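Let's take a walk through this model together, with an eye on how side chains meet. Please have your viewer ready.

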Amino acid sequence: MIALLSSLESLVSSVVPSARDDRALRDELVSHCRDILTSTPDFSFWFQILQIHEFTLAPPRPALPPPSRRSTAPTPNGHAPSPRIPVSRGESKAELLKEYRAKNGLSQLSEHLLLRDALYLLQGISGKYIRFSSQEGSNIENTLVFVDELKHVISAPTKALIHRLSEVGYLYIRVESYVRETEAAAAVGMIKQSLCHHLQAQLTEYYRMIAILESQLASTTTRSEDAISSDTVGRDDGETSRLTLRRLDVWINDWRLRMRMMSVCVEAARDTHGGALVNLIHGYADNGDPFVRKFTDQLLEEVSKPFFATLHKWLFSGELYDPFAEFFVALDQSMTQAQYVHPSSLPGGIGQPSVDGAFGGDSEDVLGLRESGLRLWETKYQFQKEMLPMFVGEAFGRKIFSTGKSLNFIRYSCHDSDWVITREKMSDTGGILKYSDIAGLERSIDAAYQVASQRLFEVFIGKFKLLDHLSALKNYLLLGHGDFADRLMEALGTSLARPANTLYRHNLTAHLDTALRASNAIHDPLDVRRRLDARMLEYSHGEIGWDVFTLEYKVDAPIDTVLDPVSMETYLKLFRHLWQMKRIEATLNAGWMRIVGGTRNFLRVPELEIEWHKVRIVMTEMIHFVRQMQAHCHLEVIECSWKILIDFLNKKEGDLDALLDAHQSYLDRMAKKVLLLSSKTGKEDNFYNYCLTESSRRDEELDIRRGVHTGRTYYDEPGREASDPLPGLLERLGEYGSSFTERAQTIVHYLQVHSDLDCRFLGVRLSFSDFYKSKKELAQAAQKSGS
């Protein structure tokens, strides 16, 4: 019995290390062991086991290790600790657990059964012992459930491994359901169809892998069952080749990454389409993982094929085939039926005789078929930045958009007979566009853009004579032909002085034709001269011909793309301003000739010589002012702006948008400098308003001479007698001179602070001797002295 106690103490000390230093704990554990041995019927059996255990644990005496410092240290109870006994090398804990489960009627579920269920899970199918279950509110089974049985158990590590395997099955369900739903849906975009095709090819490869695994499982099922029945699992000769859960996990590790990527693309594809979908997938290409980057490149290579097919057709032929609105170029459906109408197809158009045999008349729309060229160019196709893939870039996207629009414009607006040559050039620059050759794509875009832009300029300048039309607008509406403006002023002077309701258009056009024939304008092309017309604006009571007369230049498609209605309004505004200055100049010249000739011949009144001298000084000031303004408008503004525009056209660089921007800049520059518009003053303090005021004053004077009473005059004042008009005339002359000087001072003041350098230089020219500045200073000094 003493030997038994010694053996139990050694066993407890070896199994429970903390009992070596705790006497009370060791005695308690030894007591429990004695109770267990006492309650065991076969006492001799356990006694023999303990003896064998003690014998096996006793180390051989020649190989005794040196005593350690810890073994010689006394314990708190005063006893030396017992030597550490090594653990037995007998059965493993797994075998002991297996014996325990066998004793209680429990067994671990066979691995080949778990493998069978795992293969089902990889296909999204619930197995016998492991099933998918869906949570509330979810249509996809995303929860794994293990079926509990009384006689079979699944260990926690095995469950964790099966959870890893089931992730692939769950992702497979999501991808497969998306492919099935997309194929069953109607009106699916081509890019989504391409995505589904690639996903289906990946799933087919996945099915092939599952079939290989099932064949391996079937070949080892019988051997695995024999191994389990013989209780030698993992020790048979085919251990190195048979399928296990861990080997299955290794097999599908690559597919786990693939399914994750496909699942991400599937979820993103539900809310996006077209170029936005390609753009989203391309976002995953910038990844440090080589596998993710390679998989994304392969996916984009397939998915982007419809995009590049649409791109090729748009880039090299100007045709947009995008039935599902997936391209970054969108077509306005309201403009699908609108087409450019060539002028020769319109009754009374350019190139056809009009009803009256003279000018072609208004080019009105016929049955609503004609659309403004600029409106068609700007609104028929729209650029959608959100649908542009990132690998193209916005700069190249704009070039693609412009190239296709230009080719479409050449084909349907310009009716280019040399379209075959252009298309051959485009096809030479093109090739197979694909995602894997981005550098080749950029080269193709640049080449196509240059060819299309070059051809567009050639058509506008060569076929439709854009330069001739721009020159005609400059010569006629901007009064570039000085002799034409003088002849027209002479021919219309007497007619425009009459009331507006007494004028007729055929008389105006006759005078216009006379001015054209009597000036150098007769050498201009006939087509250009036929487009020029004279007409009257809407007039009200009391207006005369000078208030409503204007020239009009008629344009048609496709020239109206550049010379749009808004631009023509600007030309008319400039013409009105320059025409009023021309009228003032002619009036001042006629008045000067009358004054100079009259004073020498029959107006020699000695007492009025000083007054005539004052009149000549004021008129000289006016003439100087008007001529400086005309020189500024024609030499420094119009001619310089024209030089910039011609230089751009000669370079033939850019597209139609660049041409429109250049022409608009040309008009804006002239309108700002001719009309003296300034953003600093807060209002349009320009010479145009002054001309209108001065013209109104002169018209009022003419009305008085004609006997038409339009307002209160000098003669209406009480105490005045009509028999002595000289004091009133002299007073009015003084008022006119001082009023003009004050207005000239105001204009010069605003010109000195104008934002444009040319306008500031005009202020220097108008007051080169500080004439107006001196008067202003004198007026201020007089005001101070008077106060």
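What follows looks at a helix pair, then at aromatic rings, and finally at charges over rings.

Keep in mind that this is a predicted model. Begin with helix H18 (residues 466-477) and helix H24 (residues 609-651), whose axes come within 12 Å and cross at roughly 175°. Angles over 145 degrees count as roughly antiparallel, so that is how H18 runs relative to H24. On the H18 side, the contact is made by Leu 467, Leu 470, Ser 471 and Lys 474; H24 contributes Ile 638, Glu 639, Trp 642, Leu 645, Ile 646 and Leu 649. Sorted by class, this contact has 7 nonpolar, 1 polar and 2 charged residues.

Now for the rings: the structure holds 22 aromatic pairs. In one of them, Phe 328 and Phe 383 have ring centres 5.7 Å apart and planes at 70°, so the pair is edge-to-face. Phe 328 sits in the loop between helix H13 (305-317) and strand S5 (329-331), while Phe 383 belongs to strand S6 (residues 381-383), so the pair ties together parts 55 residues apart in sequence. Phe 328 is buried, at 0% relative accessible area, and Phe 383 counts as buried at 15%.

Phe 391 and Tyr 435 also form an edge-to-face pair, with 5.1 Å centre to centre and 80° between the planes. Both of these residues are buried. Ring pairs link a cluster whose members include Phe 328, Phe 383, Phe 391 and Tyr 435.

Finally, look for charges over rings. Lys 159 lies over the face of Phe 146, 5.3 Å from the ring centre, and Lys 380 lies over the face of Tyr 412, at 5.7 Å.

Terms used. Residues are numbered from 1 along each chain as its sequence is written. Side-chain values use heavy atoms; hydrogens and water are left out. Axes are lines fitted to C-alpha atoms, for helices over the stretch in contact, and angles run from 0 to 180 degrees between N-to-C directions. Helices (H or I, at least four residues) and strands (E, at least two) are DSSP runs, numbered from the N terminus. Angles under 35 degrees count as roughly parallel, over 145 as roughly antiparallel, 65 to 115 as roughly perpendicular and the rest as oblique. Contact means heavy atoms within 4.5 Å. Ala, Val, Leu, Ile, Met, Phe, Trp, Tyr, Cys and Pro count as nonpolar, Asp, Glu, Lys and Arg as charged, and the others, Gly among them, as polar. Rings of Phe, Tyr and Trp (its six-membered ring) pair if their centres lie within 6.5 Å; planes under 30 degrees apart count as stacked, over 60 as edge-to-face and the rest as tilted. Buried means under 20% relative accessible area, exposed over 50%, partly exposed in between (1.4 Å probe, protein chains only). A charge sits over a ring if NZ of Lys or CZ of Arg is within 6 Å of the ring centre and within 35 degrees of the ring normal.
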